[in-house]
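Here is a friendly walk through a protein model, with an eye to helix faces, loops and charged pairs. Please keep the 3D view open as you read.

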Amino acid sequence: MASDLVRVYLPATVPLVAALRDGGELAGATAHAVTPALREWYAEGDEEELEYVAFMRAAQDALRLLRDDPAAPRRRVVVSADVPASQVSVQDRDLGTSTVRLAGAVPRRAIAAFHVDEADGEPVVAAAAEVVEQASAGDPDAQFTVDSAEDLDLLWYAPEELDDLLRQ
């Protein structure tokens, strides 16, 4: 039943998505979704706006993954997936949080779409990955750099276009 599914946004990198292709599932315990705390924080937002907030937070977490994997192409990846509600739990109750915890890996059949930066955005994304933690700590110059990456649109790929995404 569709109402038993929750749309989650998983931060990823190109190598993590390649592992999904090879292994059939995407490991990732943390994702983002529209949570009750996010709804309360952004009460005037409609469903689409709330989903966009959760999506962009996953894109920012993808910057952290890139920071931790210097060999990965400097392209943010966000994987949209529909998972059973029973596998999603909210750990953080802070007002505005979109962070959720997944009970297990996400199977390829649950993937709704892939979103990835264009190759020509790599310099901007690389700079943002280097300073994402400073931005989170309040550094205005670092926040400007991260905002520049957030201004980039992520390309949309259907699940069956995974090989095309990986050839980019």
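This is a predicted model: local features need pLDDT of at least 70, side-chain atom pairs count only at pLDDT 80 or more; totals for chains, interfaces and linings use all residues.

Residues are numbered from 1 along each chain as its sequence is written, and side-chain values use heavy atoms, with hydrogens and water left out.

**Helix α5**

Let us begin with α5, which spans residues 140-150. Helices (H or I, at least four residues) and strands (E, at least two) are DSSP runs, numbered from the N terminus. In α5, the residues A142, V146 and A149 are buried. Here buried means under 20% relative accessible area, exposed means over 50%, and partly exposed lies in between (1.4 Å probe, protein chains only).

Looking down the axis of α5, you will find its buried residues within an arc of 50°, so they line one face of the helix. The arc is that of the directions from the helix axis to the C-beta atoms. As background, an α-helix has 3.6 residues a turn, so residues three or four places apart point the same way.

The cover over the buried residues of α5 includes α3 (47-68) and α4 (122-136). On the face turned away from the buried side, α5 carries the exposed residues P140, D141 and F144. At the start of α5, D139 brings a side-chain oxygen to within 2.8 Å of the backbone nitrogen of D141.

**Two loop residues**

A33 sits in the loop between β3 (30-32) and α2 (36-41). With a relative accessible area of 1%, A33 is buried. Setting aside neighbours within four places in sequence, A33 is in contact (heavy atoms within 4.5 Å) with V6, R7, V8, L38, A54, S98 and V100. From A33 to A43, ten residues apart in sequence, the C-alpha to C-alpha distance is 15 Å.

G104 lies in the loop between β6 (99-102) and β7 (106-107). Its relative accessible area is 30%, so G104 is partly exposed. The C-alpha atoms of G104 and Y52 are separated by 24 Å, and the two residues are 52 residues apart along the chain.

**Salt bridges**

How many salt bridges does a search of the whole structure find? The search finds ten. A salt bridge is a side-chain nitrogen of Lys or Arg within 4 Å of a carboxyl oxygen of Asp or Glu. In general, side chains of opposite charge can pair when their charged atoms come close. Three of these pairs are set out here.

| Salt bridge | Closest N and O atoms |
|---|---|
| R21 and D163 | 3.5 Å |
| E47 and R39 | 2.8 Å |
| D68 and R67 | 3.0 Å |

R21 counts as partly exposed at 35% relative accessibility, and D163 counts as partly exposed at 38%.

In the next pair, E47 is partly exposed, with a relative accessible area of 36%, and R39 is partly exposed at 39%.

Which is D68, buried or exposed? At 53% relative accessibility, D68 counts as exposed, whereas R67 is partly exposed at 29%. Salt bridges that share partners join D61, R64, R67, D68 and E133 into one network.

Conventions:
A polar contact is a pair of N or O atoms within 3.5 Å; within protein, one must be able to donate a hydrogen and the other to accept it, and residues adjacent in sequence count only if both atoms are side-chain atoms.
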